Amino acid sequence: MTTTSHSLAIEAKGLRKAYGDRTVLDGIDLAVPAGSIFALLGPNGAGKTTAVKILSTLVTADAGELRVGGHDLASEPQAVRASIGVTGQFSAVDGLITGEENMLLMADLHHLSRSEGRRTAAELLERFDLVEAASKPVSTYSGGMKRRLDIAMTLVGAPRIIFLDEPTTGLDPRSRHTMWGIIRELVSGGVTVFLTTQYLEEADELADRIAVLSNGRIAAEGSAEELKRLVPGGHVRLRFTDPAAYQAAAATLREATADDEALSLQIPSGGSQRELRSILDWLDSAGVEADELTVHTPDLDDVFFALTGGTNLPDQTKETVR
Amino acid sequence: MSTLSLAVRDSSTMLRRNLLHARRYPSLTLNLLLTPIMLLLLFVYIFGDVMSAGIGGGSADRSEYVAYIVPGILMMTIGGTVIGAAVSVATDMSEGIIARFRTMAIHRGSVLIGHVVGSVLQCVASVVVVGAVAVAIGFRSTGATVLEWLAAFGLLVLFSLALTWIAVGMGMASPSAEAAGNSAQPLILLPLISSAFIPAGTMPGWFQPIAEYQPFTPAIETLRGLLLGSAIGDNWWIAILWCVGLTALGYRWSTASFNRDPK
């Protein structure tokens, strides 16, 4: 059975990397199917960028069996390079020359013919809305424009696997949504995208599979839905403006978790219509009148904080602190 | 594509990139040209009478000192121009685009080779400019044969290549452009303690071996002999040895730092 390894675009087993005595990646395993979006999620300093640098041949790993695009990273780095495109965290553009010259530089380095290079450059500049800025020096571009140029440059060689290290960090909300659209479009063309992010929303929005990286280890891995199932259920939150009403309600609803500061009560609930109705009926019969009622379902935030050292989880094995 | 044609193709792409930089931002190259030209004019027009008297045992006129100093100034021009290579390599290495190049299936050495060839071309251009100033103030090399001219050109190119690789190594080892500019300073200062301005034989005895065997002196003496017909002696092979040695050293140093994992 060799088919499994062929359908994986990125495969890592026991990936380790340490800088001096500081272990950055402590034996992580990754398996990214071809044609999917994989998000490596983690707080700052978790080792996301190091993982990208290693998988994109920039930095050598200390240990681990690593394959990208079907090629072994250690023995065939040039073959790996030929099948990947990388957009790092800091823009990999040449600020001294124009956007168009940057694109043509990439075309030359991918050994496209002159006419093919010009056509590819023009197409991508158009697609990334950079036609007007094409003849201006890149040093005059805004952050969002530099990012778009960066990705456009990555696409010149039509790579099958694309690494994006925090592609939307530092972008305004509109540019971020544009970037999400671009990433989705890439995958619809069959490309595999490996992205890192510290935004849960982004991973939830884009990724087929998410791995949560914490202290150099994969704390959890799965689809967004699978990860959300890892944390305890949701709750209904009742908020009061009148302290007296709050006190009365808190006295009646003994099973609710009270937050005296915020004048709010939390009642555990899965968030289904039936559960919600029974809560409302119960509130009515108890004569409780809240000013605001919100239903909170577990989201990736809960997973993230739970896994990266926020609240303790009963079902997650925690390392003992030494 | 074979390794060699890949190397040539990618290196020439990188060279085009560096020449584009030099053309868009010529101030660095032009600034570096100022030092040798100013020193040439200073020594000829301000210190000229005293220097000429010293050279010719009291009888020489200024034109003889112009002839004496120009070969040294030309070599100094190379020393100055390669500082630009150190600065631009250090600047480049701090940019994200280098990380992109490293993750592309291009010839590994092309980034540095592009810098080196670009710097050698700039050296030749700078030598032409400074040479033109020298001719304008009265320097003549009419006695030299075509072969000697070609040899002189070859020596200038070889010396440019050697100093460029050293400068590139300095640029690779420097954390910033400023640091690279500082660590490459000796390359323009070294001619001051060579036979560029005064014969090494007129320096204090204990200092003479230093002045005579540092890379600039044999190169300057060889160039002087080729252009003006003075005695070359052993200087030609010492100069070539220096060039080959510095090139090998700079090449090993630069490529080793380039191949090391970036931080």
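A: In this predicted model, the C-alpha centres of domain 1 and domain 2 of chain A lie 45 Å apart. Domain 1 spans 3-228 and domain 2 spans 235-296 (bounds from an automatic or database domain assignment). Residues are numbered from 1 along each chain as its sequence is written, with chains lettered from A and ligands numbered from 1 in the order in which they are written. Local features need pLDDT of at least 70, side-chain atom pairs count only at pLDDT 80 or more, totals for chains, interfaces and linings use all residues, and side-chain values use heavy atoms, without hydrogens or water.

Among the buried ones are Glu101(A), Asn102(A), Met103(A) and Leu104(A). Their partners come from both chains: α5 (114-127) and α6 (143-155) of chain A, plus α1 (3-24) and α5 (96-102) of chain B (contact: heavy atoms within 4.5 Å). Just after α4(A), His111(A) has a positive phi of about 60 degrees.

Glu166(A), not a glycine, has phi near 45 degrees. Glu166(A) sits in the loop between β7 (161-165) and α7 (173-188). Its relative accessibility is 3%, so Glu166(A) counts as buried. Leu263(A) has phi of about 50 degrees. Leu263(A) belongs to the loop between β12 (257-259) and β13 (264-268). At 18% relative accessibility, Leu263(A) is buried too.

Now chain B. Helices α2 (27-46) and α6 (110-136) pack at about 35 degrees, axes 10 Å apart (axes are lines fitted to C-alpha atoms, for helices over the stretch in contact; angles run from 0 to 180 degrees between N-to-C directions). Contact residues include Leu33(B) and Ile37(B) of α2(B), and Val129(B) and Val133(B) of α6(B). The contact has 8 nonpolar, 3 polar and no charged residues (nonpolar: Ala, Val, Leu, Ile, Met, Phe, Trp, Tyr, Cys and Pro; charged: Asp, Glu, Lys and Arg; polar: the others, Gly among them).

Conventions. Buried means under 20% relative accessible area, exposed over 50%, partly exposed in between (1.4 Å probe, protein chains only). Helices (H or I, at least four residues) and strands (E, at least two) are DSSP runs, numbered from the N terminus.
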